[in-house]
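Keep the viewer open as you read.

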Amino acid sequence: MTKSYKDISMAVIRRLPKYHRYLKELLEKEVYRISSKELSGIMGLTASQIRQDFNNFGGFGQQGYGYNVEELYGEIQKILGLNTSYKCVIVGSGNLGQAIANYSDFKRRGFHLKALFDTNPKLIGMKIRDVPIYDIDELQEFVDKERVDIGIICTPKEFAQDVANKLIKSGVSAIWNFAPLDLKVPEDIIIENVHLSDSLITISYLLSNTQ
């Protein structure tokens, strides 16, 4: 799909993976047609919100018919770019890095892990799901040579910015950052910061305010 959706709000964009996931589940249950009202009941969104979200991309339903689940799933897959494959590397091969490397669903969605990197000599030379762990000193050469698209950072906070700089210098287009630090990157680099502790603290807030 060549159409640009740069003006779409991040709130809508962040709901797209949820639509993708629920539509996939519907197809697995052999549900091939659904109304916005029925979809709203499944997803916990209003029917109006669903229609507004889809209208950002031209709208997909037919009045009196609803949505063709298979076609809608395919269109959202294209919008999300999941009809393309991406090369990824993980920097930081501790527990979190290994857990991400072991998540097989990434490959099915087109995210191909090419290598992991670390400074720990005990880890260097090991493999996670047949993907090798290299010395961090080999990072830039590997990323440049393999034309890696996405760098995944699972290092301690104090090393994250330096790793990000090396990844950017080597040519990555996007960074998925799990270090507890908001990285500084150029405007043309896509960055997604995942702060696990923030999510847990949000739960703490909700628990403490349900009395």
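Start at strand β4, where β4 and strand β6 (residues 131-135) pair in the parallel sense over three bridges. Keep in mind that you're looking at a predicted model.

A handy spot to check is K87, which stands opposite H112 in β4.

Now for the helices. Two packed helices are described by the angle between their axes and the distance between the axes. Take helix α1, residues 10-28, and helix α2, residues 36-43: they pack at an angle of about 105 degrees, and their axes lie 11 Å apart. How are α1 and α2 oriented to each other? Angles of 65 to 115 degrees count as roughly perpendicular, so α1 and α2 are roughly perpendicular to each other. On the α1 side the contact is made by K18, Y19, Y22 and L26, and on the α2 side by L39, I42 and M43. Sort the residues of this contact by type and you get six nonpolar, one charged and no polar.

Next, hop over to D53, which sits in helix α3 (residues 47-55). Is D53 buried or exposed? Its relative accessible area is 1%, and the cut-off for buried is under 20%, so D53 counts as buried. What is D53 in contact with, once you leave aside its neighbours within four places in sequence? The answer is V12, R15 and Y19.

Finally, zoom out. The chain has nine helices and nine strands, and its C-alpha atoms fill a box of roughly 60 × 50 × 35 Å, taken along the principal axes. Of the 211 residues in the chain, 36% are buried. The accessible surface comes to about 13,200 Å², with 50% of that belonging to carbon and sulfur atoms. As for contacts along the sequence, take those between residues at least 6 apart: 56% of them join residues at least 24 apart.

Key. Residues are numbered from 1 along each chain as its sequence is written. This is a predicted model: local features need pLDDT of at least 70, side-chain atom pairs count only at pLDDT 80 or more; totals for chains, interfaces and linings use all residues. Side-chain values use heavy atoms; hydrogens and water are left out. Two strands pair if DSSP finds at least two bridges between them. Helices (H or I, at least four residues) and strands (E, at least two) are DSSP runs, numbered from the N terminus. Axes are lines fitted to C-alpha atoms, for helices over the stretch in contact, and angles run from 0 to 180 degrees between N-to-C directions. Angles under 35 degrees count as roughly parallel, over 145 as roughly antiparallel, 65 to 115 as roughly perpendicular and the rest as oblique. Contact means heavy atoms within 4.5 Å. Ala, Val, Leu, Ile, Met, Phe, Trp, Tyr, Cys and Pro count as nonpolar, Asp, Glu, Lys and Arg as charged, and the others, Gly among them, as polar. Buried means under 20% relative accessible area, exposed over 50%, partly exposed in between (1.4 Å probe, protein chains only). Accessible areas come from the Shrake-Rupley method with a 1.4 Å probe; for residues, only the protein chains shown count as cover.
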